[in-house]
Amino acid sequence: MRAQTVDIHESTGRILCCTIFRATGKKLLAKGHVISGDDVRILESEGMRNIWVTELEEGEVGEDDAVCAVASEVGCGCYEIKLAAGGRANLIATESCCVLVDEDLLKQVNCTASVNIATSLNFSFAIAGQRIATVKSAPFAVSQSDLDGLIRMLRDRGPILQARPMQHPSVGILYCDPTHGDRARQMFEGIMRQRVERFGVSNSFGLACVEEEESVMKALNQLLRAKPSVILVASTTAPAGPEDVVGRALARIGGQIERFLAPVEPGNLMILSYKDDIPVVSAPGCFRSAKPNIVDLILPPLLARYRVSTWEIACLGHGGLLA
C-alpha cells in the first residue's frame with residue numbers, strides 16, 4: 001500500500017488511512033473507508049482540503065475483497081456472510097445448529113499474517129442470528145499471492161467450520177434405578193427438561209424401568225422405535241464399565257460401544273454407544289444438577305446427527321475440567 005496526503009478532490013476511489021471526525025468529535029468517516037463523490041462533498045462542507053489516503057499497488061487485494069473471498073471458502077452449512085466495517089466478514093447462523101471446527105486447520109490458517117479467523121468453540125450450540133465466526137484482514141490490503149495460497153489451502157483441506165443444522169431434534173430418555181424406575185424419574189425429570197430445552201429441544205419423551213438387564217433392553221428397544229436424535233440413560237447408579245447392566249443391555253440390542261470414560265469432570269463415567277445411527281449416552285451423576293458436564297459438551301453435535309468419535313471425546317480433555 002502507498003500512503004499519501006492528497007487534495008480531497010483527488011481522493012475519490014482511494015482508501016482513508018485514518019478516521020475523520022467532525023469538529024464536534026462525532027465520527028464522520030471510518031479508517032479503511034473508500035472515498036466516494038458524495039464523501040468529497042461532505043468533506044468540503046466540513047472545511048477540509050487535504051486528507052491522508054492510501055491506494056492499492058500491483059499484486060494487492062483490498063481488505064473487503066480479501067475477507068469475502070476467504071469467508072466464502074471457510075465453511076459450509078446453515079450460515080450467511082455479512083461484511084462489516086474494517087476488513088471483516090462475519091458468519092451468521094441462519095438456524096439453530098451445532099458448530100463443528102477443524103481446530104488443526106484453523107491454527108495453520110491463523111499462522112498467516114494477512115487474514116485471521118476466529119470461531120465459536122467446536123461442538124458449540126448456536127441459534128439463528130448468532131455470529132459463529134469472523135474473518136479479519138490486515139488493514140487496507142493483503143498480498144494477492146498470500147490470499148491465493150490461503151484459498152488453495154481451504155479448498156484442499158477445508159472446510160474449517162460446519163454449521164450443522166438441528167432439524168426437529170428429539171430426545172428419548174430412559175430413567176432407571178435398581179429398585180424402582182420412577183424414583184429416577186422423580187429425581188431427574190426437572191433437570192433433564194432444563195438441559196434439553198437449553199439446546200432448543202421441545203420434543204422429548206421418557207420411559208422408566210428397573211435397572212435390570214432385561215428391563216433396560218426392552219425399554220431401549222421401545223425408545224429406539226421412535227427414532228429420536230439421541231437417547232439419554234439417566235441412572236441413579238454409576239457403572240464400573242460397559243460390563244454393567246446398561247452396557248450389557250446395549251450389547252444385547254446390537255449397540256456398539258464407541259467410548260467408555262471421558263476426560264471431562266463432571267461426567268467421566270460416560271458410555272457413548274450407537275445403535276445403527278442413533279447414539280445412546282449413559283452419563284451417571286450428570287442429571288442431578290443443571291451445571292455443565294459431559295452431556296452439555298456432546299449433546300449439540302449428537303442432536304445435529306453428527307457421529308461423535310472416540311478420538312473427539314479424547315480431545316475434550318483440554319478444557320475438560322468444568323467443575
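Predicted model: local features only at pLDDT ≥ 70, side-chain atom pairs only at ≥ 80, totals over all residues.
1. Let me start with K227, which is exposed, at 59% relative accessibility. K227 has a positive phi of about 50°, although K227 is not a glycine. You will find K227 in the loop between helix 6 (213–225) and strand 18 (230–235). As background, most residues other than glycine have a negative phi, and most peptide bonds are trans.

2. F123 is also worth a look. Its phi is positive too, about 75°, and F123 is not a glycine either. The residue sits in the loop between strand 11 (115–119) and strand 12 (124–126). Is F123 buried or exposed? F123 is buried, because its relative accessible area is 4% and the cut-off for buried is under 20%. Keep F123 in mind, as the residue comes back when we get to the largest pocket.

3. Next, the cis peptide bonds. One of them joins G158 and P159, with omega about 5°. P159 belongs to the loop between helix 4 (144–157) and strand 15 (161–165). Another cis bond runs from E265 to P266, with omega near 5°. P266 is in the loop between strand 19 (256–260) and strand 20 (271–275).

4. On to the cysteines. How many disulfides does the model have? The count is 0. C76 is in no disulfide, and the nearest cysteine sulfur, that of C78, is 9.6 Å away. A disulfide here needs two cysteine sulfur atoms within 2.5 Å. C76 is partly exposed, with a relative accessible area of 34%. For C111, the closest cysteine sulfur is in C315, and at 18 Å that is too far for a bond. C111 counts as exposed, at 68% relative accessibility.

5. Strand 9 pairs with strand 8 (residues 79–84) in the antiparallel sense, over 6 bridges. Within that pairing, L91 in strand 9 stands opposite I81. The two strands form a hairpin with 3 residues between them, and G86 in the turn has a positive phi of about 80°.

6. Strand 9 has another partner to check: strand 13 (residues 131–137), joined to strand 9 by 5 bridges. These two strands run antiparallel as well.

7. Now the largest pocket, with a volume of about 900 Å³. Its lining takes in 28 residues, and V101, E103, N122, F123 and L316 lie nearest its centre. The elements that give two or more residues to this lining are strand 10, helix 3 (103–109), helix 8 (294–303) and helix 9 (310–314). Which element gives the most? Helix 3 does, with 4 residues. By class, the lining has 14 nonpolar, 8 polar and 6 charged residues.

8. Last, the second largest pocket, which has a volume of about 160 Å³. Residues lining this pocket include G13, I15, G32 and V34, along with E55, L56 and F140. Helix 2 (residues 63–74) provides the largest share of the lining, 3 residues. E63, D64 and D65 also line this pocket. Divided by class, the lining has 4 nonpolar, 3 polar and 4 charged residues.

How values were computed
Residues numbered from 1 in each chain as written. Heavy atoms only, no water. Buried < 20%, exposed > 50% of the residue type's maximum accessible area, 1.4 Å probe, protein only. Pairing = 2+ DSSP bridges. 1 Å grid on protein atoms, 1.4 Å probe; cavity = no way out; pocket = protein on both sides within 12 Å on 5 of 7 lines; lining within 4 Å. Points joined across faces, edges and corners; volume = space filled by probe spheres on them. Nonpolar A, V, L, I, M, F, W, Y, C, P; charged D, E, K, R; others polar.
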